[in-house]
Amino acid sequence: MDANTDRSRALKLIGRDFLQLQQQNHLDMLNYPVKVLQIGEGNFLRGFFDWMIYECNRQGLFQGSVAVSQPRPGGRRKLEQLREQEGIYGLLTRGIQDGRKIEEERWIPVFSKIIDPYAEWENFLRIAELDSLEIVVSNTTEAGLDYQLSDWNPSEPPMSFPAKLTMLLYRRYECYEGSPDKGLLILPCELLERNGDILRSIVLRHAEDWGLSPSFQSWIEECNLFLNSLVDRIVTGYPEEAERYFDQWGYEDRLLNTAEPYYFWAIEGDSSLESRLPLQSAGLQARWVPDLTPYQVRKVRILNGTHTLMASIGLLHGFTEVKEIAESTEWGKDIRDAMLQEIVPLVPLPLEEVTAYAISVWERFRNPFLRHKLQDIAMNSISKFKVRLLPSLKEYVSSHNTLPSLMTRGLASLIRLYHAKSVEGQWYGTCLDGKQMLLRDDPDSLMTFYQAWQKVEDGEWSIRQLVASILGNQALWGEDLNRISHLHEVVSSYIEEMELIET
C-alpha cells in the first residue's frame, strides 16, 4: 500500500475531502525531502513555524518537509495523533486584523516524518545523515534550554534537548567527515534572550563533558549557525468550541489548532540566509536583522509592558480579562494613550514602525476569541514591572523631565494590590472593593509588602512612609526608586486617593 493510500485513509477518518487536498498539491508537500528537524510537537510551532513552512511550500519557494519529534516523553500522545492524521492538521486563524474580524482555516501538511526519540532513538539520529537536512527548529519552553549533566551513551536518548542535539550533530559530523558545508541552521524559538547563544554554549559544554574531539567542537562553532530569534504570536491550541466548528464543517479534526492573526519573527542573522529559509520571499512577517535588541525592547515594553500595566490597574479595579479592560470606558482609552504616548516614542526603532506595531498590539488585546486572564499576566508582577515598565518610566522622566502619568499610577496600583496577607500558606492581595485575590510572586517579596502594610494598619507608618520603604527596597527593584524625582510623592498621592475611595 503506497503512502498516498495511507493518507487517503487517514483523511477519511477525519472526514476531509482527499481529492480536494490532492488537487491543491498538499500531498506533494508531504513527499518533499526532509529539510527541517523540529523539536517540539506543541501548539506554538504548529501555529507559527509549520504554518510558515506551509506558506513557503505553497508558493513553491522551499520545497521541503519537516521531521517532527518531541522533547519530552509526555509528548508521545500528540505524535500518535499526528500519525493517525498522517501529519495533516487544521489551523484556525481568528481575531481582529486591520479593524475587521476574521476567521480562516488552513490545512497544514508539512510533517513527512514523525519520530518519538524515546522509542525510536536510532531513527532520530538517522535524520542527521540526510543530505537534505538544513534546519533544526525548537520550542522546548525556557526550561528546555538548560544544561543537565548527562552521561555519554549513544545507544540511548538523553533527557534534555541540548544533549540530544549534541548527539545528533556528532552523528552528522561523523557521517560527513566534518564537511564544512554540512553544518545546520539552528533556530531555537524558546522565549529567552540570546537563545541561540545559550543553546550553542550548552552543546559545546556537552561536547567537552563527553570528551568529543576538538575538531568536532570547532565544526560546531564554525560550520553551524545558532541564531538568536524572537517569536511573537499567541497560539491557543484546540478551541473550546471545536464541536461547533466540526458541525459547521462536516468533519472532525482532533489536532485543530488556533492562532491570532498577528505574528512576527525576528532572526539575528545575515539576509543571505533567506536563500535557505525564504520567509520574506513568501511575504511573511519575518526579518533577518543584524541586532535583535530593538525588537526585544519593542515586544517587552509595548506588548508585555502594557499587559503588566493592565494587570495591576485592572485587577485592583475588579476587571478579570485583557479584552474587558481594553474595551472599558473607564480605563481603555487611558491605557491605549499611555502605550502610544508614554512607551512607544522611547523604543529604539523608527516611530512609524513602532506605532504600527502598537496599534496591532491593541487589536490583539481586543481579540474576541481570546480570554486572556489578568491574573495570569500578574504572576511575578514585581520582576515584570522591573523589566517591562521601569526602563520606560525612567527614560520618560529623562526625556520629559516629568513622570509618565499612567505608568506611575500602575506602580501605585501594584503597591496597593500587594496589600498582602497570608492564608493557609497562600498569599492574597486586596482589591479596592475589599475582595481578596491570589498573588503568585516571590515569597520574600510578598513578605516585604506584608510587613510594610502591617505597619500602616498598626498605625506605625503613614502611606508615605510605606511608599518610601517599598520604593527604596533595592532587593525588589535593583535600585532605590526614591531617587527618581517626585516619584515618591506622586505614588503616595495615588495610593492615598485609593484608600479614600475604599472607605
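Visitor: Which residues in α8 meet L199, I202, V203, H206 and A207 in α9?

Guide: This is a predicted model, in which local features need pLDDT of at least 70, side-chain atom pairs count only at pLDDT 80 or more, and totals for chains, interfaces and linings use all residues. Residues are numbered from 1 along each chain as its sequence is written, and side-chain values use heavy atoms, without hydrogens and water. Contact means heavy atoms within 4.5 Å, and helices are DSSP runs (H or I, at least four residues) numbered from the N terminus. On the α8 side, the residues are F161, P162, A163, L165, T166 and L169.

Visitor: How many residues of the contact of α8 with α9 are charged?

Guide: Asp, Glu, Lys and Arg count as charged, Ala, Val, Leu, Ile, Met, Phe, Trp, Tyr, Cys and Pro as nonpolar, and the others, Gly among them, as polar. The contact of α8 with α9 has 9 nonpolar and 2 polar residues, and no charged.

Visitor: How are α8 and α9 oriented to each other?

Guide: Axes are lines fitted to C-alpha atoms over the stretch in contact, with angles from 0 to 180 degrees between N-to-C directions. Helix α8 (residues 161-175) and helix α9 (residues 195-209) pack at about 65 degrees, their axes 9 Å apart. Angles of 65 to 115 degrees count as roughly perpendicular. The two helices, α8 and α9, are therefore roughly perpendicular.

Visitor: What percentage of the 503 residues of the protein count as buried?

Guide: Buried means under 20% relative accessible area (1.4 Å probe, protein chains only). Of the 503 residues, the buried share is 56%.

Key: Angles under 35 degrees count as roughly parallel, over 145 as roughly antiparallel, 65 to 115 as roughly perpendicular and the rest as oblique. Buried means under 20% relative accessible area, exposed over 50%, partly exposed in between (1.4 Å probe, protein chains only).
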